[in-house]
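Colleague: I have a model open and would like to go through parts of it with you. Can you put it up?

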Amino acid sequence: MISIQNLNKTYTVSKELVVPAVRDVSMEVEKGEFVIITGRSGSGKTTLLNLVAGLTRPTSGKVLLDGTEVWSLPDKEQSLLRNEQIGFVFQFASLLPTLTSIENVMLPAMFGKKQDEKYSKERAAFLLDQVDLSDKLQAFPRQLSGGQQQRVVIARALMNQPQLLLADEPTSDLDEMTEHEIMDQFRGIHQETGVTVLLVTHSAELGSYGTRSIQMANGEIVAAGAQPDPRRAMTN
Amino acid sequence: MNLFELAKRNITGSSFRSWMVFFCAALMAGFVIAATLVIRGANDSLRLALDRLGADIIVIPEGEEQRLKSALLMGIPVHCWMPDTVVDDLAALPGVQAVSPQLYLSTLRGATCCSVPEMFLIAYEPETDFTLRPWLEENLEGGLALGEAVGGNLVYVPVEQGELLVYGYGLDLKGSLEPTGTGLDQSMFFTFETAREIARMSSDQAVKVLDIPPRTVSSALIKVELGVDPQQVAAEISSTIRGVTPLETATLFRDQREQLLSLLNSVVALLGITWVLAMALIAVIFSLAINERRRHIGVMRALGARRTTVLQSLLLEAILLALAGGTVGIAVASLAVYLFRPLIMGLMNTPFLFPAPLQLAGLGLGALVLALLGVTLAALIPALRISYQDPANSMRE
């Protein structure tokens, strides 16, 4: 599903200061895996996730999604690939404040190939129901709690039935109880849909939610769990 | 949900920014339409006045130049006389194709025998006339008979009187000429025969006799032969005929035209400054707004929005604000110019013609397109910058 080959990403702050964010990372993620990448702040895990999604260009190395090198594609196809195959859950409040919950969930449908508006609306409502927010369809983000907002984001990530779900610190701003609720939600989605999940977190204890855990430090993979049977998590 | 709806939500979601851009667009479009209406209105008015005269040269008694201009531009009546032999002298000059005399008269002020006080009256000689003839042939078959008149665009028959009284003589108003925005719009035209009949009857019907000195005319309109320079003919008139002043119509309103040109230069400079400032302000507002929404734009890209989609979405906001602001600006500016016409004419000391509705719509559309381009151009740079940024960079703190 994902093949990362000798991936490097450096940020040039000034002529003298070049910061390596990801250093020579190579790894494979099989279809249906639930991989959790842990590491401290600044360890390069978010950058790695962005590189996988094609949200930032690597300095060197390759990212192949189902054999396609993301950065070899022109913007139109790269955007379509993100739209159809990847679902995103971000660390920050990523809902558009001027749109209601259901409109936010429908957003990926708007950017992709033309879809029937009625179908999009029904699917968005269904997804919001799946994350227990059927009573908040018309609520604006400011009217929702942090946990509820993140659940809307999860519903949005699933709108176009992606093959890959990328989550960047999805529980960082939440209390412990909500954190586990959200993680349970990810596990449930993984079990029900078989979607491949790549989740980044600074919390090592959340590593147990995935089928595999990888640890990063200083832009490198410092510990990688063995590649287990992807279906292990489903029976957890 | 579509891009249009998204743009609309973003506009209403940030009311202060939207109002600022709206105001700038209104200012840009309003200024353009107001400047165009004023400059074009004055220029059109002068051009139409010259067209109405239809002559290459007007010969008037010496020293009456300023008063004649006031009469033609502002409708302030002028009384001047010169011997009618001048007409024959002029006709005999080389290069002169046609000469037609006119009488300049006026109604009385505060007299019941005149429907309209101090109206500029022009009498023409039908046999030689070449200025009114084209209009008369087109609109009134056979021209004007005794007792008939045509008026400028603002001349009408008072309802309570049922006829237009001039020195107690009831004139039959046969039609109205196209508007020119000048004093000619408040003037009335009839034949020499009618003028003399009014003068004859005035001793019985009017509170004051209309006095037309015998064997005199007020002016003589000259049409030069094809290929002849009117300036040459005017010079010939000055050197051969005493007591008259030849005025070339092409340079008749030179002062007004020069004043207009100078006004145009000032307006263009002011317009340029206003537009540069407004566009800079719009660019800053859009930069701030885009910076504020940077993360959400990054999210849109991550969700599959193409660069062009982001660009379209941001430019659509600019376009909607430009359309709304521009339309309001054009409407307000046009209304203001229309309502303050007399003030504008007074300040500029030129006549002024407000365009016909269809013309106004065309000018408004032009101003709207300009405002649209201006606002879109101002928003383009920040919009391009964000849409071509890596989504990850956009989402970074």
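Colleague: At what angle do α8 and α12 of chain B pack?
Modeller: In this predicted model, helix α8 (residues 254–292) and helix α12 (residues 357–387) of chain B pack at an angle of about 30°, and their axes are 8 Å apart. Axes are lines fitted to C-alpha atoms, for helices over the stretch in contact, and angles run from 0 to 180 degrees between N-to-C directions.

Colleague: Why is α8(B) called roughly parallel to α12(B)?
Modeller: Because of that angle: α8(B) is roughly parallel to α12(B), as angles under 35 degrees count as roughly parallel.

Colleague: Which residues of α8(B) and α12(B) make the contact?
Modeller: From α8(B) they include Trp275(B), Met279(B) and Phe286(B). From α12(B) they include Gly374(B), Leu377(B) and Pro382(B). Two residues are in contact if their C-beta atoms, placed from the backbone, lie within 7 Å.

Colleague: New topic. How many residues of chain A are in contact with chain B?
Modeller: 26 residues of chain A are in contact with 19 residues of chain B. Helices α1 (45–53), α2 and α3 of chain A each supply at least two residues of the side that touches chain B. That side of chain A has 14 nonpolar, seven polar and five charged residues.

Colleague: Is α3(A) mostly covered or mostly open?
Modeller: Helix α3 (residues 101–111) of chain A is mostly covered, with 11 of its 11 residues buried. A residue is buried if 20 or more other C-beta atoms lie within 10 Å of its own.

Colleague: What do the buried residues of α3(A) pack against?
Modeller: They pack against α2 (75–85), α4 (117–130) and α5 (146–157) of chain A, together with α10 (307–339) of chain B.

Colleague: Last one: which strands pair with β10(B)?
Modeller: Strand β1 (residues 57–61) of chain B pairs with β10(B) in the antiparallel sense over three bridges, with Val59(B) opposite Ala220(B). Strand β3 (residues 96–106) of chain B also pairs with β10(B) in the antiparallel sense, over six bridges, and Val99(B) has Ile222(B) as its bridge partner. Two strands pair if DSSP finds at least two bridges between them.

Colleague: How are the residues and chains numbered and lettered?
Modeller: Residues are numbered from 1 along each chain as its sequence is written, and chains are lettered from A and ligands numbered from 1 in the order in which they are written. As this is a predicted model, local features need pLDDT of at least 70 and side-chain atom pairs count only at pLDDT 80 or more, while totals for chains, interfaces and linings use all residues.

Technical notes:
A residue is buried if 20 or more other C-beta atoms lie within 10 Å of its own, exposed if 12 or fewer, and partly exposed in between; C-beta atoms are placed from the backbone. Helices (H or I, at least four residues) and strands (E, at least two) are DSSP runs, numbered from the N terminus. Ala, Val, Leu, Ile, Met, Phe, Trp, Tyr, Cys and Pro count as nonpolar, Asp, Glu, Lys and Arg as charged, and the others, Gly among them, as polar. Angles under 35 degrees count as roughly parallel, over 145 as roughly antiparallel, 65 to 115 as roughly perpendicular and the rest as oblique.
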